[in-house]
Amino acid sequence: MNYLFLAITTSLTAVGAASDEHGANTVTLTAETFEDSVQGKPNFVMFFAPWCGHCKRLSPTWDDLGKKYNTEKAEVVVGKVDCTQHTALCSSQDVTGYPTLKLFGKGVQSGVKYKGPRDLASLERFIAEQLGTEVQDVEQASVPEALTGLVEYTDVTFKALVPNGRHFIKFYAPWCGHCQRLAPTWESLAKTFEHDKSVTIGKLDCTQFRDICTEYEVKGYPTLLWIEDGKKIEKYAGDRSHEDLKKFTVRSLGDDADNQKEDADEPRPPIAILTSENFENAIERGYTLVKFFAPWCGHCKRMAPTYDELGRKFVGHDQVKIAKVDCTQEVNRALCSEQNVNGFPTLYLYKNANHIGEYNGDRSLNDMVSFITRHLEHDEL
């Protein structure tokens with residue numbers, strides 16, 4: 001046993017001497033040393049590839065974990081295996097993606113795969129659960145430091161804080177282009193409400209905290225949810241301008257009578273303006289008739305007054321939205337192509353995010369109303 005610890009310590013020292021971006025305080029395991037290490041004590045192992053972006057992002061946390069547990073008295077070894085060098089070992093452990101985290105009991109060659117959040121507290125909690133020990137020195141959850149009012153949640157702080165109060169949260173992925181474009185506006189929204197204690201504006205990285213995002217049925221990025229006392233109240237599907245997000249927040253807070261009167265005096269626009277950024281959210285529930293158009297199109301111009309009247313006809317209807325997409329805007333070109341728009345105007349009807357028909361009738365108000373009501377009546381039969 002002393003020889004094993006000496007070998008581990010020697011390996012750790014060698015790793016520390018080298019510049020290892022995947023953790024100077026973790027033990028480098030190879031096909032030759034892996035079995036001996038597992039025989040000596042439990043091992044928590046990261047199977048990684050040097051080029052893997054997720055591995056690189058995890059490495060500082062993994063290094064902190066190693067610094068805490070790779071001591072003579074610790075009950076577990078925190079190690080790592082480079083799968084580009086030890087392919088046979090990684091294959092034998094069913095490693096199909098990076099990083100793969102597995103905890104091996106003492107003398108056990110088949111480990112338990114870790115699938116939870118990748119923050120330090122969650123990793124420590126997993127070790128404690130698997131070994132049946134107390135979690136050492138885990139910090140109590142507290143409100144994360146906010147940048148201009150914007151709270152960036154972790155697994156621990158989300159579970160501790162979101163079950164109480166009102167929260168407007170952006171669920172996102174760092175690689176998502178729409179998320180990146182929304183980021184400055186979201187920070188501005190947080191700045192607007194930073195002194196309002198009745199709401200928290202926050203964000204959660206779904207690539208790190210998958211379980212939470214799954215629990216809240218996040219299926220695309222960004223997803224903006226209004227949450228009260230831990231329960232999802234509403235998914236925001238409007239325009240993503242600062243002013244529209246602010247109005248939604250004020251309305252959701254149900255502020256004083258002046259604000260309510262201001263909202264009441266401002267009627268809902270009869271036609272929802274959709275873009276590639278809010279299209280999926282807008283058509284997610286109920287029926288949505290969408291006009292794909294071009295501003296220069298003569299047929300579109302002639303149809304516009306009747307279409308506006310159609311929108312007013314269904315204002316306040318809980319199952320029907322009337323909307324339009326300008327296909328000449330650069331942000332919408334890919335959307336119009338994906339929806340197979342080959343001419344203007346094109347009118348498609350969607351039900352619960354599914355395309356269910358194209359309107360090819362007369363462009364009179366009565367005919368368009370009949371087209372929609374036929375679908376509604378069919379559902380009620």
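**Walking through the model**

Mentor: Let's begin with an open sheet of 5 strands, ordered β6-β8-β7-β9-β10, with mixed pairing. Keep in mind that this is a predicted model.

Trainee: OK, which are the edge strands?

Mentor: Those are β6 (150–152) and β10 (231–235), and each of them pairs on one side only. From one strand to the next, the twist averages 35 degrees.

Trainee: How many bridges join β6 to β8?

Mentor: There are 3, and the two strands run parallel, with β8 covering residues 200–205.

Trainee: What about helices, which strands does α7 lie across?

Mentor: Helix α7 (residues 177–192) lies across β6, β7 (166–172), β8 and β9 (223–228). It runs at about 160 degrees to β7.

Trainee: And α9, which strands does that one lie across?

Mentor: Helix α9, residues 242–253, lies across β7, β9 and β10. Its angle to β9 is about 20 degrees.

Trainee: Are they buried or exposed?

Mentor: F47 is buried, and F104 is buried too. Another pair to look at is F168 and W226, which is tilted, at 5.8 Å centre to centre with 55 degrees between the planes.

Trainee: Which parts does that one tie together?

Mentor: F168 belongs to strand β7 and W226 to strand β9, so the pair ties together parts 58 residues apart in sequence. Both F168 and W226 are buried. They also belong to one aromatic cluster, formed by F168, W186, W226, Y236 and F248.

Trainee: Let's jump to α5. What should its span be?

Mentor: Helix α5 has 12 residues (120–131), so at 1.5 Å a residue it should span 16 Å. Its end C-alpha atoms are 17 Å apart, which agrees.

Trainee: Which of its residues are buried?

Mentor: The buried ones in α5 are A121, S122, L123, E124, F126, I127 and A128.

Trainee: What do they pack against?

Mentor: They pack against β2 (43–48), α3 (53–69), β4 (100–104), β5 (112–114) and α6 (155–161).

Trainee: And what follows α5?

Mentor: G132 does, and its phi is positive, near 70 degrees.

Trainee: Last bit, the big picture. How many helices and strands are in the protein?

Mentor: The protein has 14 helices and 15 strands. It has 381 residues, and 45% of them count as buried.

Trainee: And how much of the contacts comes from residues 24 or more positions apart?

Mentor: Counting contacts with a separation of 6 or more, those residues account for 70%.

Key: Residues are numbered from 1 along each chain as its sequence is written. This is a predicted model: local features need pLDDT of at least 70, side-chain atom pairs count only at pLDDT 80 or more; totals for chains, interfaces and linings use all residues. Side-chain values use heavy atoms; hydrogens and water are left out. Two strands pair if DSSP finds at least two bridges between them. Helices (H or I, at least four residues) and strands (E, at least two) are DSSP runs, numbered from the N terminus. Axes are lines fitted to C-alpha atoms, for helices over the stretch in contact, and angles run from 0 to 180 degrees between N-to-C directions. Contact means heavy atoms within 4.5 Å. The expected span of a helix is 1.5 Å times one less than its number of residues. Buried means under 20% relative accessible area, exposed over 50%, partly exposed in between (1.4 Å probe, protein chains only). Rings of Phe, Tyr and Trp (its six-membered ring) pair if their centres lie within 6.5 Å; planes under 30 degrees apart count as stacked, over 60 as edge-to-face and the rest as tilted.
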